[in-house]
Amino acid sequence: MSAGMGVLTILMTLVGWSSIPLFLRYFSEHIDPWTSNGWRYGASALFWAPVLIVTALSGRWPAGLWRAALIPGTINVCGQICFVWAHYRIEPGLLTFGLRSQILFAAAGAYLLFPQERAVIRTPTYLLGALLVVMGTSGSILLSPQSIDWTRLSGVGLAVASGGLFACYALSVRKYLPMVSSVMAFAAISQLTAVVMVGLMFLLGERFGAAVWELSREQFVWLLLSAFIGIALGHVFYYMSIARLGVAVSAGVLQLQPFLV
């Protein structure tokens with residue numbers, strides 16, 4: 001049942017996260033990346049805040065939760081900044097191929113940190129899959145009909161960097177929050193991430209983030225929906241997958257993302 005739930009949640013993560021590059025690419029033509037990150041993470045934090053409040057009032061607060069969430073939250077901030085900025089430089093399909101380099105970082109980290117995952121990582125099929133990721137990403141860049149200029153190279157670099165950071169993020173969640181429920185873990189991490197994202201939006205966003213009010217009502221709803229699908233639910237489902245399937249297998253399933261995008 002645990003493995004079956006893990007398969008279900010990683011498939012839900014895959015479908016949800018495959019929609020996010022399309023949302024972000026669309027909004028890259030309407031709002032700046034700081035505003036996009038600030039509003040989306042701010043909305044996600046508000047969504048999960050009641051969970052933290054109810055847990056605190058009921059006296060069931062996990063000891064050391066904020067301290068344990070600090071490192072994953074910091075890594076998540078860096079990864080999210082690179083991820084969103086990449087959408088302003090390259091198209092979603094190429095971006096997700098670069099992002100999927102995550103499996104290489106995730107496999108290396110899982111091999112070093114979690115001995116129970118080494119058997120999966122050593123299998124010929126897993127190693128072949130990792131090799132195909134390298135070949136596919138390289139081919140997508142080098143064989144693209146579009147000229148390779150600084151904008152595209154920087155976009156690919158940001159995509160690969162976000163892949164590496166998101167791999168470290170998944171590994172840190174498993175290492176520092178293994179005994180905390182998926183909901184509580186991300187509820188805490190989303191608050192820490194939102195504080196930074198909203199702060200950066202006020203400092204660097206166009207008109208302190210007020211540019212979002214130029215969106216139509218329908219566009220604003222889509223912006224909030226992207227936050228709900230990609231952040232509020234997507235990360236929790238991913239946490240549940242990591243707990244049941246491990247980091248290496250969960251990252252492996254997400255290799256299908258570029259094709260769905």
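**Cavities, pocket and helix packing in a predicted model**

A search of the whole structure finds two cavities of 30 Å³ or more. This is a predicted model, in which local features need pLDDT of at least 70 and side-chain atom pairs count only at pLDDT 80 or more, while totals for chains, interfaces and linings use all residues. Residues are numbered from 1 along each chain as its sequence is written, and side-chain values use heavy atoms, with hydrogens and water left out. Helices are DSSP runs (H or I, at least four residues), numbered from the N terminus.

**Largest cavity**

- A cavity here is a set of points, on a 1 Å grid over the protein atoms alone, where a 1.4 Å probe fits but cannot get out; lining residues have an atom within 4 Å of a point.
- The volume of the largest cavity is about 230 Å³, a volume being the space filled by probe spheres set on the points, which are joined across faces, edges and corners.
- Its lining consists of 16 residues, and W17, Q80, F83, F166 and H235 lie nearest the centre of the cavity.
- At least two lining residues come from each of α1 (2-27), α3, α8 (150-176) and α10 (217-245).
- With four residues, α10 gives the most to this lining.
- The lining divides by class into nine nonpolar, five polar and two charged residues; Ala, Val, Leu, Ile, Met, Phe, Trp, Tyr, Cys and Pro count as nonpolar, Asp, Glu, Lys and Arg as charged, and the others, Gly among them, as polar.

**Largest pocket**

- The largest pocket has a volume of about 210 Å³; a pocket is an open set of grid points with protein on both sides within 12 Å along at least five of seven lines.
- It is lined by 15 residues, of which G129, A130, L132, V133 and Q255 are the closest to its centre.
- Helices α7 (124-142) and α12 (257-260) are the elements that give two or more residues to the lining of the largest pocket.
- The largest share of that lining, eight residues, comes from α7.
- Eight nonpolar, six polar and one charged residues make up the lining of the largest pocket.

**Helix packing**

- Axes are lines fitted to C-alpha atoms, for helices over the stretch in contact, and angles run from 0 to 180 degrees between N-to-C directions.
- The axes of α2 (residues 33-57) and α3 (residues 65-86) come within 11 Å and cross at roughly 150°. Helix α2 is therefore roughly antiparallel to α3 (angles over 145 degrees count as roughly antiparallel, under 35 as roughly parallel, 65 to 115 as roughly perpendicular and the rest as oblique).
- The α2 and α3 crossing is right-handed; a crossing is right-handed if the near helix is turned clockwise from the far one by less than a right angle, and left-handed if anticlockwise.
- The axes of α2 and α10 come within 8 Å, crossing at roughly 60°, so α2 is oblique to α10.
- This crossing of α2 and α10 is right-handed.
- Helices α3 and α8 pack at about 160° with axes 8 Å apart, so α3 is roughly antiparallel to α8.
- The crossing of α3 and α8 is left-handed.

**Individual residues**

- A232 is in helix α10 and counts as buried because its relative accessibility is 1% (buried is under 20% relative accessible area, exposed over 50%, partly exposed in between, with a 1.4 Å probe and protein chains only).
- A232 and G129 are 103 residues apart in sequence and 29 Å apart in space, C-alpha to C-alpha.
- L203 lies in helix α9 (residues 182-204) and counts as exposed, at 68% relative accessibility.
- From L203 to R122 the separation is 81 residues in sequence and 46 Å in space, C-alpha to C-alpha.
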